[in-house]
Amino acid sequence: MNADPGGGLLSLRGVVREFAGPPPVRALDGVDLELGQGEYLAVQGPSGAGKSTLLNVIGLLDRPSAGAYDVNGRATAALSERERDRLRSSMFGFVFQSSHMLPGRTVAANVALALQIQGIEHARRAERVEDALRSVGLLSRANAPTFQLSGGERQRAAIARAIVGCPRVLLADEPTGNLDHANATDVIALMRSVVTEGISVVVITHDDRVAQSADRTVQLIDGRVHGHLRAS
Ligand code: ADP
């Protein structure tokens, strides 16, 4: 564990994100947030509060209009697009509400695609794909086309695809939003096991069970962070 679990890996200070509109919108209005290695943070809040914008900024998919965002001690504002791309692919894995699997390709091929995008050579992909599928309990389905998977299996495959590149942080946007209770339970357990492996997690969720399994929950309301609650 990090000696300072409240900080270190990701640090946002006074982060603002404005959209020009019209009408102009201040989606993030001075966000201060720290995330340590192996820490599991849930972000909750009403629709339109800025949660997706926050996740996009954290994942280097979007840039703040003002404020400072450091990743692993590195200020991101001055990075070129290419440096941001490199930092994003080495630091972050993404999971969304919908799994975004290519339906005609096998589970293994979908997961391997993430390594291909990272530039990992072909010969080194198979073993890593196998490890990732084993860790989400899908090794036996490796050669199935993804359209044959259940919704829960597809989301587990999406988690395998997100972690196969050994990210430091898993960013998840409503990962249980399309799942029934039992499949959501599996995904909640998996996200917890990802944290056990030392990967930090930031999850946006309306699902209180997901939030309760996190180490810490923050509420985002009108682009501002409210209340840092520790889960018991
Ligand atoms: P949440 O994920 O909490 O529902 P969002 O981050 O999607 O909230 O949106 C926060 C606010 O920013 C909303 O008012 C939304 O309409 C606005 N917004 C988000 N993305 C854009 C965009 N690309 N252009 C203009 N406004 C946007």
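View 1. On a 1 Å grid over the protein atoms alone, a cavity is a set of points where a 1.4 Å probe fits but cannot get out, and lining residues have an atom within 4 Å of a point. Grid points are joined across faces, edges and corners, and a volume is the space filled by probe spheres set on the points. By this rule, the count is one cavity of 30 Å³ or more. The model is predicted: local features need pLDDT of at least 70 and side-chain atom pairs count only at pLDDT 80 or more, while totals for chains, interfaces and linings use all residues. Residues are numbered from 1 along each chain as its sequence is written, and side-chain values use heavy atoms, with hydrogens and water left out. The largest cavity holds about 40 Å³ of space. Its lining consists of Leu10, Leu12, Leu33, Glu34, Leu35, Leu41, Ile58 and Val202.

**View 2. Strands and residue classes around the largest cavity.** Strands (E, at least two residues) and helices (H or I, at least four) are DSSP runs, numbered from the N terminus. At least two lining residues come from each of β1 (10-19) and β2 (25-35); β2 gives the most, with three. Ala, Val, Leu, Ile, Met, Phe, Trp, Tyr, Cys and Pro count as nonpolar, Asp, Glu, Lys and Arg as charged, and the others, Gly among them, as polar. The lining of the largest cavity has seven nonpolar, no polar and one charged residues.

**View 3. The largest pocket.** A pocket is an open set of points with protein on both sides within 12 Å along at least five of seven lines. The volume of the largest pocket is about 450 Å³. It is lined by 18 residues, of which Phe92, Phe94, Ala114, Ile117 and Arg161 are the closest to its centre. α2 (81-91), β6 (92-95), α3 (107-117) and α5 (151-163) each supply at least two lining residues, and α3 gives the most, with four. By class, the lining of the largest pocket has 10 nonpolar, five polar and three charged residues.

**View 4. The contact of helices α3 and α4.** Axes are lines fitted to C-alpha atoms over the stretch in contact, and angles run from 0 to 180 degrees between N-to-C directions. The axes of α3 and α4 (residues 125-135) come within 9 Å and cross at roughly 120°. Contact (heavy atoms within 4.5 Å) is made by Val107, Ala108, Val111, Ala112, Leu115 and Gln116 of α3 and by Arg125, Arg128, Val129 and Leu133 of α4. These residues divide into seven nonpolar, one polar and two charged.
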